[in-house]
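This report describes the fold of one protein chain for a reader who is new to structures. Please look through the sequence and the model before reading on.

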Amino acid sequence: MSTRESRRLTGSALRVTVFIGENDTWQHKPLYAEIVRRAHRAGLAGASVFRGIEGFGATSLIHTHRLLSLSEDLPVAIVIVDEEERVRAFLPQLDELVTEGLVILDDCEVIRYVGRDKADRADRADQGDAEA
């Protein structure tokens, strides 16, 4: 459980989306996991990883989940949304980490960003301990 305080995010924001391959690594670990870890450490509002079922990029090689395909390096998208200043401050880390792939920025508007309150998170954690 994180000790970080939740913060509010509404109105204008910046979304960074990173497209990489599922098999891309950083120091022998999944690259997507390192990006999420660093976004968390940087205090960004949140990051999510989405696994694609098919796609192609700069190499024009189609990556797919189909059984008879030779490629299993499926596309992955990491999406991070936060205030513009915070996202832009994080971009040098992405520049360091992403050696192959695509990084895009989009203006967006946050309508709702709500997490669970501390008491609810503590209750859920206690329930998890009791089930273990």
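Helices (H or I, at least four residues) and strands (E, at least two) are DSSP runs, numbered from the N terminus.

## Model and overall fold

The model is predicted: local features need pLDDT of at least 70 and side-chain atom pairs count only at pLDDT 80 or more, while totals for chains, interfaces and linings use all residues. Residues are numbered from 1 along each chain as its sequence is written, and side-chain values use heavy atoms, with hydrogens and water left out.

The protein chain has three helices and eight strands. Along the sequence, these elements follow the pattern β-β-β-α-β-β-β-β-α-β-α. Of the 132 residues in the chain, 27% are buried; buried means under 20% relative accessible area, exposed over 50%, and partly exposed in between (1.4 Å probe, protein chains only). A contact means heavy atoms within 4.5 Å. Among the contacts in the chain with a separation of 6 or more, 76% are between residues 24 or more positions apart.

## The sheet

Strands of a sheet pair through backbone hydrogen bonds, either parallel or antiparallel. Here two strands pair if DSSP finds at least two bridges between them. Four strands form an open sheet in the order β4-β7-β1-β8, and the pairing is antiparallel. The edge strands, each pairing on one side only, are β4 (47-51) and β8 (102-110). From one strand to the next, the twist averages 20°.

Strand β7 (residues 75-82) pairs with β4 in the antiparallel sense over five bridges. In β7, I80 is the bridge partner of A47.

## Two helices on the sheet

Axes are lines fitted to C-alpha atoms, for helices over the stretch in contact, and angles run from 0 to 180 degrees between N-to-C directions. Helix α1 (residues 31-41) lies across β1 (11-21), β4 and β7, and runs at about 5° to β7. Helix α2 (residues 84-97) lies across β1, β7 and β8, at about 20° to β1.

How do α1 and α2 cross? Their axes come within 11 Å and cross at roughly 160°. The two helices are therefore roughly antiparallel to each other (angles under 35 degrees count as roughly parallel, over 145 as roughly antiparallel, 65 to 115 as roughly perpendicular and the rest as oblique). In α1, L31, E34, I35, R38, A39 and R41 meet F90, Q93, L94, E96 and L97 of α2. The residues of this contact divide into six nonpolar, one polar and four charged. Ala, Val, Leu, Ile, Met, Phe, Trp, Tyr, Cys and Pro count as nonpolar, Asp, Glu, Lys and Arg as charged, and the others, Gly among them, as polar.

W26 lies in strand β2 (residues 25-26). Leaving aside neighbours within four places in sequence, W26 is in contact with L31, E34, R38, E96 and L97. R38, in helix α1, counts as buried because its relative accessibility is 9%. With the neighbours within four places again left aside, R38 is in contact with W26, F90, Q93, E96 and L97.

Q27 is in the loop between β2 and β3 (29-30), and H28 lies in the loop between β2 and β3. Most residues other than glycine have a negative phi. Phi of Q27 is near 50°, a positive value, and phi of H28 is near 70°, also positive. Q27 is exposed, with a relative accessible area of 60%, and H28 counts as exposed at 81% relative accessibility.
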